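My entries follow in the order in which I looked things up.

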Amino acid sequence: MNAWREASPTARLLLVAVLFTGLTTFMFLPLLAIELTAQGIPAGRTGFLVGLLAFSGQAFSLLTGLLVDRFGAHRVMAAGFLLRVLGYVLLGLGGAGAPAPLVAGIAAVGVGGSLLGLSTKTLLVSQEGADPRTMLALRSTFVNIGVVAGPALGAAVYPLGFGWILAACVLSHLVLGTCLVLRRSVTASRSRPAAGRAPAPAADGAAPAAPWTLRQWLPLCGLGVAYWAIYSQLNVLLPITANEMTGSAAAISVVFTANGLLVVLFQYTLLRHVFRRATARTLLVLGFLAFACAYATLIPLAGWYSLLAFVVPVTLAEMLIGPSLDEQAVSAAATRRTGLALGTMSAAGALGSLLGSSAGGYLLQSARGGSEVWLLLVGSSLAAAAICLLLPKVRTRHV
């Protein structure tokens, strides 16, 4: 992979951190509810704690972006590593008989994840010698390796005890956080804070594009909400529908496994080579059209045929839309406001996930197993594709 060889040592270390923190996170996350229930915690309280983890990881996105711009991405990243280590330790100390460490630990893991995710993303898109699209594609690839391999590794380790999984999380965050902080201290005299990096000039010598106005930002934020509202149906509507169409509770696992593998195999190639010259706006249009095609395959409710046909276009939509939203945000940001721009997109995603998850169950209940819900999602995807045309057509400048 040429981009890996061409990346700076700091960028490589950041990507390794993304890989291993993602791997241990997805060892831990799918088993959290099982472990809490096994400790004798009631189902209602378990649901609250799992929800608290998601909320604390998303609710502070805007604040995290402001902190990145104010104090620098490296300091926020170090705080994220520290909070996560503290959170995993508290989780190990908590339990049914000690709820305070449990709640504090879950909140610390969530907030630490928010600090860590946004600061590493800001550092990656600010690396010298690589364009944001390449770094975002590599980041997505490394994240999805963790998504695919983490649950399987967690299932293999869990019989030894949940404490071993927490120990792996603590060790990975300690080692990677220490390495990144030490590297930063060594190179501090030669580098500037990532969040304060001025935009690179265009290859033709033209001045960088001016920051977007609020009127230009609104459609982008709306698309962020729409993307996550539509994508969240993979966690709400699809598991129920897949089970009903195939008669197999494992059907949704097949979808998620195939989705993760396709992203790992093709994310980088798709953005770096196939669509190298396309604008982010064009990629967003194609992504939402792919969403429409994906949900259209579910209209016939044709069992495994519909489900397997759904996987490719929905994965294409994920690969095109997610990185392109962040790329547009980075291009639109004012100087020293990269963190806030990415935080805004994360906040839009949190709102979209909340709205999509809330509406998904209601829609399925109202449709009573019919195809109306899929027609609505197809229409929503086509409407989002049309809204993409309201965005400025800014061509990505490749270094």
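I note that the model is a predicted one.

I then turned to α2 itself, which covers residues 9-38 and so numbers 30 residues by definition of its run. From its first C-alpha to its last, α2 reaches 43 Å, close to the 44 Å expected at 1.5 Å a residue. I also looked for a bend, and I recorded a kink of about 50° in α2, centred on L32.

**α2 with α6**

I asked at what angle α2 and α6 pack. The angle is about 155°, and the axes of α2 and α6 lie 11 Å apart. On the α2 side I listed A11, L14, L15, T21, F28 and L36; on the α6 side I listed L102, V109, L116, T120, L123 and L124. Sorted by class, the residues in this contact of α2 with α6 are 10 nonpolar, two polar and no charged.

**α4 with α6**

Next I examined helix α4 (residues 61-71) against helix α6 (residues 99-125). Their axes come within 10 Å and cross at roughly 50°, which makes α4 oblique to α6. I noted the crossing of α4 and α6 as right-handed. From α4, the contact draws on S61, T64, G65, L67 and V68, and from α6 on S114, L115, L118, S119 and T122. I counted the classes in the contact of α4 with α6 as four nonpolar, six polar and no charged residues.

**α10 with α13**

My last entry concerns helix α10 (residues 237-246) and helix α13 (residues 304-332). They pack at an angle of about 140°, and their axes are 9 Å apart. Which residues meet here, from α10 and from α13? I found L238, A242, M245 and T246 in α10 meeting W304, S306, L307 and F310 in α13. The residues of this contact of α10 with α13 comprise six nonpolar, two polar and no charged.

Notes. Residues are numbered from 1 along each chain as its sequence is written. This is a predicted model: local features need pLDDT of at least 70, side-chain atom pairs count only at pLDDT 80 or more; totals for chains, interfaces and linings use all residues. Side-chain values use heavy atoms; hydrogens and water are left out. Axes are lines fitted to C-alpha atoms, for helices over the stretch in contact, and angles run from 0 to 180 degrees between N-to-C directions. Helices (H or I, at least four residues) and strands (E, at least two) are DSSP runs, numbered from the N terminus. Angles under 35 degrees count as roughly parallel, over 145 as roughly antiparallel, 65 to 115 as roughly perpendicular and the rest as oblique. A crossing is left-handed if the near helix is turned anticlockwise from the far one by less than a right angle, and right-handed if clockwise. Contact means heavy atoms within 4.5 Å. Ala, Val, Leu, Ile, Met, Phe, Trp, Tyr, Cys and Pro count as nonpolar, Asp, Glu, Lys and Arg as charged, and the others, Gly among them, as polar. The expected span of a helix is 1.5 Å times one less than its number of residues. The bend at a residue is the angle between axes fitted to the seven residues ending there and the seven starting there.
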